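Visitor: Please show me the model. I would like to ask about its strands and one of its helices.

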Amino acid sequence: MDQSPGSDSEDLTSSTEDIIYEQNLPEQDDDEEPAQSQHKEKIKALRSKIIEDRNNNFVHLERNDDAFLLLFLRARYFRVPASYQLLCNYKEFRAKNASVFQNLSAWRLHHVIEDGFPCVLPYNNQNGAKMMVIFAGGWDTETYGSVDILKAFILSMERLIEDKDVQRNGIIIIADFSGWTTTHTSQLSVSFIRQVCCMLQDHYPARFLGFHFVNEPWYVRAVLTLLKPFIETKIWKRIHVHGNNMANLHDHCDQEKLPAEFGGNKPSVNREYWARVLLDSERSSGDHVYGENPFKCLLDSNQSEYDWETEEIPHVITT
């Protein structure tokens with residue numbers, strides 16, 4: 001049956017295929033010993049697959065540690081062939097967008113993140129998924145372009161996928177188009193839309209569980225319909241267009257776990273929060289820059305140093 005985004009019959013949480021595989025996972029937390037034993041076997045199998053397939057130059061894989069490989073295994077519910085394909089896709093995405101990944105820095109992008117590109121909330125939804133809010137209408141088109149928005153999004157994703165809870169429980173994205181104008185629309189390129197669609201479809205080691213559009217202009221649904229042939233069925237089923245009907249959003253996201261902007265019982269979003277998290281992490285780790293390439297010879301390894309201000313960045317409370 002052909003369904004449009006936002007249909008009540010759509011399944012938000014996962015495709016049927018993913019649900020089947022997820023049900024076969026151990027019931028205990030994967031930090032516990034029985035699960036860890038099973039994971040070691042899957043890691044070993046994935047590492048063997050990488051070594052065997054020299055046609056894709058994975059002999060040059062710079063990161064081969066367990067934590068890195070678990071990113072792809074968890075994202076594909078420990079299916080080794082699917083995890084390996086995701087790893088191939090991730091490598092390809094980074095190679096094709098090398099300039100975007102180069103020297104990702106919260107220090108350089110904090111003004112973009114503070115405008116709402118994106119805001120990662122300090123709490124999870126009712127199922128433990130991390131919630132990422134994009135305030136699309138906050139885009140200051142005179143100050144930065146779509147490339148900086150993409151860099152800020154990738155920077156945030158690189159930070160999030162380090163978290164084991166995010167790896168296990170996935171990510172929900174809410175895009176709020178309040179304040180969106182034709183000026184914003186005119187700044188979007190086909191290349192940018194293609195990069196975003198590619199990233200969210202089997203090219204990034206994360207479980208994207210739902211995409212919610214609120215307060216969107218009428219043509220958002222039309223654009224999504226045009227993009228449907230290029231969107232995988234499982235992703236299409238996770239897209240929901242709500243307009244200004246927050247009750248419809250609440251059918252998927254518990255009011256107790258939503259900020260006030262979306263009719264929830266949490267305080268309004270602090271748009272500086274996520275920028276502070278990234279800045280604090282960047283400051284604490286010294287010269288660490290997110291997005292460092294795990295594949296050899298794809299990016300220039302030269303990184304410029306930052307001129308840190310002497311003012312301390314406040315500690316961020318994440319609970």
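Guide: Buried means under 20% relative accessible area, exposed over 50%, partly exposed in between (1.4 Å probe, protein chains only). Helices (H or I, at least four residues) and strands (E, at least two) are DSSP runs, numbered from the N terminus. This is a predicted model: local features need pLDDT of at least 70, side-chain atom pairs count only at pLDDT 80 or more, and totals for chains, interfaces and linings use all residues. Residues are numbered from 1 along each chain as its sequence is written, and side-chain values use heavy atoms, leaving out hydrogens and water.

Visitor: How many residues of strand S2 (residues 130–135) are buried?

Guide: Both faces of S2 are covered. Lys-130, Met-132 and Ile-134 are buried on one side. Met-131, Val-133 and Phe-135 are buried on the other. The buried count for S2 is six of six.

Visitor: Which residue of S3 is the bridge partner of Phe-135?

Guide: Strands pair if DSSP finds at least two bridges between them. S2 and S3 run parallel, joined by six bridges. Phe-135 has as its partner Asp-176.

Visitor: How far apart in space are Ile-173 and Met-132, C-alpha to C-alpha?

Guide: Ile-173 lies in S3 (residues 171–176). Its contacts (heavy atoms within 4.5 Å) include Met-132, Phe-153 and Leu-200. Ile-173 and Met-132 are 41 residues apart in sequence, yet their C-alpha distance is 4.8 Å.

Visitor: Within what arc do the buried residues of H10 fall?

Guide: In helix H10 (residues 190–200), the buried residues are Phe-192, Gln-195, Met-199 and Leu-200. They line one face of the helix, because, seen down its axis, the directions from the axis to their C-beta atoms fall within an arc of 120 degrees.

Methods:
Lists of a residue's contacts leave out its neighbours within four places in sequence.
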